[in-house]
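I opened my notebook for another look at a model. Here is what I looked up, entry by entry.

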Amino acid sequence: HRIECFDEVDSTNNVAKRLAEEGASEGTVVIAKTQSRGRGRRGKPWISPEGGIWMSIILRPEVHPSRALLLTLVTGVAVARTLQDECGLEVGIKWPNDILIGDKKVCGILTEAHVRFNTLEYVVVGIGIDTNVDVKAFPDDLREGATSLKNELKRDIESGALIEKFLENFEDVYNSFKDGEIDEILSEWRKLSKTIGSRVEIRKQLGEIVYGEAVGINSEGALILELDDGTLRKIISGECIHH
Ligand code: BTN
């Protein structure tokens, strides 16, 4: 596979998007040492100092656009496997895409689907892992909820080896996805999930807030909430807060 490495870019998702528009093939990977305008979900900036892993993967799955959410879960499973196997860490996942150690976030995933005429043209999956960074240097509002591999393990980790293992794991889980083994992936995701069984608050884009108990995810990767009046509600996007 083509792997493009940079010292600094605005955002590896932007570079990957540009390459995809120019026809780059599935499996093209963009990695940068730092990002000057790293992006998180919901338009938030993503702090990307040297020492972290900032990367994006171009995918061209031949599936309906509604399946794009599943790619976030696929990626989460691959990151979780990697951190467990390579670092011996116990990790969890907060729906849809935060990888947690305890209740602190160590990795975020930004999946951007590019749809034309109702078909999925390509998808850019961006992965940010706080590896050899010190979250004590993060701004106040982020510091408390974040951790890094270095903060957890009290030593530097070898980023190159971790990236390699992650790409292997990603390829395995992604191939299962393409082979239609969605149930297997979702059951691994459910085991890792810290959201299912928790009381959650979902902040929707337009300011709506939904409270309920997360009771499961469906075959599209959507979160199923049981509201206080006992009805079920399907959530396909929004910020999830555990209570
Ligand atoms: C989130 O949890 O809000 C998602 C964070 C995603 C960050 C990664 S770092 C590599 C890629 N490039 C970006 O600009 N964002 C993603």
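**Ground rules.** I am working with a predicted model, where local features need pLDDT of at least 70, side-chain atom pairs count only at pLDDT 80 or more, and totals for chains, interfaces and linings use all residues. Residues are numbered from 1 along each chain as its sequence is written, and side-chain values use heavy atoms, with hydrogens and water left out.

I looked for polar contacts (pairs of N or O atoms within 3.5 Å). A ligand nitrogen is 2.9 Å from a side-chain N or O atom of Gln35. The protein buries 97% of the 420 Å² that the ligand exposes when taken alone (Shrake-Rupley method, 1.4 Å probe).

**Ligand shell.** I found 19 residues around the ligand, taking those with a heavy atom within 4 Å of it. Strand S6 gives the largest share, 4 residues; strands here are DSSP E runs of at least two residues, and helices are H or I runs of at least four, numbered from the N terminus.

**Backbone.** I noted a cis peptide bond from Trp95 to Pro96, with omega near -5°. Pro96 sits in the loop between strands S4 (92–94) and S5 (98–101).

I also checked two non-glycine residues with positive phi: Asn118, at about 65°, and Lys154, at about 60°. Asn118 counts as exposed at 54% relative accessibility, and Lys154 counts as exposed at 69%; exposed means over 50% relative accessible area (1.4 Å probe, protein chains only).

Conventions: Buried means under 20% relative accessible area, exposed over 50%, partly exposed in between (1.4 Å probe, protein chains only). A polar contact is a pair of N or O atoms within 3.5 Å; within protein, one must be able to donate a hydrogen and the other to accept it, and residues adjacent in sequence count only if both atoms are side-chain atoms.
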